[in-house]
Amino acid sequence: MQGTIDGFSYGAVTPLVAYLMACLGGALGLRCTTRSLLVTHSRRPAWLALGSAAIGSGIWTMHFVAMMGFSIKEAPIHYDKPITYASLGLAIVMVGVGIFIVGYRGATGTPLFTGGTITGLGVASMHYLGMAGVRFHGRFTYNTLTVAISVVIAVVAATAALWAAGQVRGFLWSVGASLVMGLAVSGMHYTGMAAVGVHLDGASHAAGGGSAASALAPMLIGPLAFLLIAGVVVVFDPLMVVGGPDWTPVEHKPGVPAAAVASHEVGHSALHQEHGPVHRTGHHRTRTPQNR
């Protein structure tokens, strides 16, 4: 027996909030990734890890906020908590692998393609593992072509987002990239949901299936709190907003794109012209990097 799916039980509320969550996680993650390219080598892993967790949490939160509007009219649905939380861990780990590749190898060429592919596959894997945690009296079926399209969308979106993070073009650039990323991630989610069909076990089922919003809401508290904390870190780190480089020599910072190097050199040149000639003594050349 085929079930009837309603993906918008609360109208446009859940898609809109889900999109905002994807944008928030993307914005925080991209700024952390950008920040990692502007600090000394020893501090880079912390920023990359924070960015990975922010993007992974944002995508996971977006998925399950959207799922709060999902219901099967002929059957109640529930969520398997271990699988649901496992999908969060999977998202953070796979996004982290992609971000660390770009953070240490640069956002161009093979590293960008590899990192974007892994990150995109992490987004898609989180989605379908999360769907595997849905419990009802029946099973899901999937349209293979539509699933493939959703995976392609995830990979392309992730690659574009990592490329944007590697350009280090300032706060507004990252905000714009996060808006596009949020749209792509939301598009991937609803493309994946369009691939879903429901086959119910038996001919008779309990009527009045719910969206299980009451079950999902408590599980969202933790990731939402983390995104709030990450947002506070961004707000209280001025360099995260302005995107200016520190004084660390570029050759000690693998992964910094050529655009950032040029910007760094031009900024120093303008500063020297404004304040007069600077005597390049040996002491100046051995200046200790400032870890902002």
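## S214 and helix 7

S214 is exposed, its relative accessible area being 68%, where exposed stands for over 50% relative accessible area, buried for under 20% and partly exposed for what lies in between, with a 1.4 Å probe and protein chains only. The residue belongs to helix 7, residues 213-235, and helices here are DSSP runs of H or I with at least four residues, strands being runs of E with at least two, both numbered from the N terminus. Although S214 and M68 are 146 residues apart in sequence, their C-alpha atoms are 8.5 Å apart in space.

The model is predicted, so that local features need pLDDT of at least 70 and side-chain atom pairs count only at pLDDT 80 or more, while totals for chains, interfaces and linings use all residues. Residues are numbered from 1 along each chain as its sequence is written, and side-chain values use heavy atoms, with hydrogens and water left out.

## The chain as a whole

The secondary structure of the protein chain consists of 10 helices and 6 strands. The chain has 292 residues, of which 50% count as buried. Contact is taken as heavy atoms within 4.5 Å; among the contacts between residues at least 6 apart in sequence, 87% join residues at least 24 apart.

## Helix 1 and helix 2

The axes of helix 1 (residues 13-36) and helix 2 come within 8 Å and cross at roughly 175°; axes are lines fitted to C-alpha atoms, for helices over the stretch in contact, and angles run from 0 to 180 degrees between N-to-C directions. Helix 1 and helix 2 are therefore roughly antiparallel to each other, a word that applies to angles over 145 degrees, whereas angles under 35 count as roughly parallel, 65 to 115 as roughly perpendicular and the rest as oblique. The residues of the contact of helix 1 with helix 2 fall into 15 nonpolar, 9 polar and 2 charged; in this division Ala, Val, Leu, Ile, Met, Phe, Trp, Tyr, Cys and Pro are nonpolar, Asp, Glu, Lys and Arg are charged, and the others, Gly among them, are polar.

Neighbours within four places in sequence left aside, T61 is in contact with M21, L220, P223, L224 and L227.

Helix 4 passes helix 5 in a right-handed crossing, a crossing being right-handed if the near helix is turned clockwise from the far one by less than a right angle, and left-handed if anticlockwise. On the side of helix 4 the contact includes L112, G115, G116 and T117, and on the side of helix 5 it includes V147, S150, V151 and A154. By class, this contact of helix 4 with helix 5 has 12 nonpolar, 7 polar and no charged residues.

Helix 4 (residues 109-132) also packs with helix 6, at an angle of about 45° and with the axes 11 Å apart, and this pair is therefore oblique as well. The crossing of helix 4 past helix 6 is right-handed. V123, A124, H127, Y128 and M131 of helix 4 make the contact with M188, H189, G192 and M193 of helix 6, and the residues divide into 6 nonpolar, 3 polar and no charged.

## S178 in helix 6

S178 is found in helix 6, residues 171-194, and counts as buried because its relative accessibility is 3%. Apart from neighbours within four places in sequence, S178 is in contact with C23, G26, A27 and L30.

## Strands 5 and 6

Strand 5 (residues 138-142) and strand 6 pair in the antiparallel sense over 5 bridges, pairing being assigned if DSSP finds at least two bridges between two strands. Strand 6 (residues 196-200) is mostly covered, since 4 of its 5 residues are buried.

G138 has its place in strand 5 and stands opposite L200 in strand 6. Not counting residues up to four places away in sequence, G138 touches H199, L200 and D201. The C-alpha atoms of G138 and D201 are separated by 4.8 Å, although the two residues are 63 residues apart along the chain.
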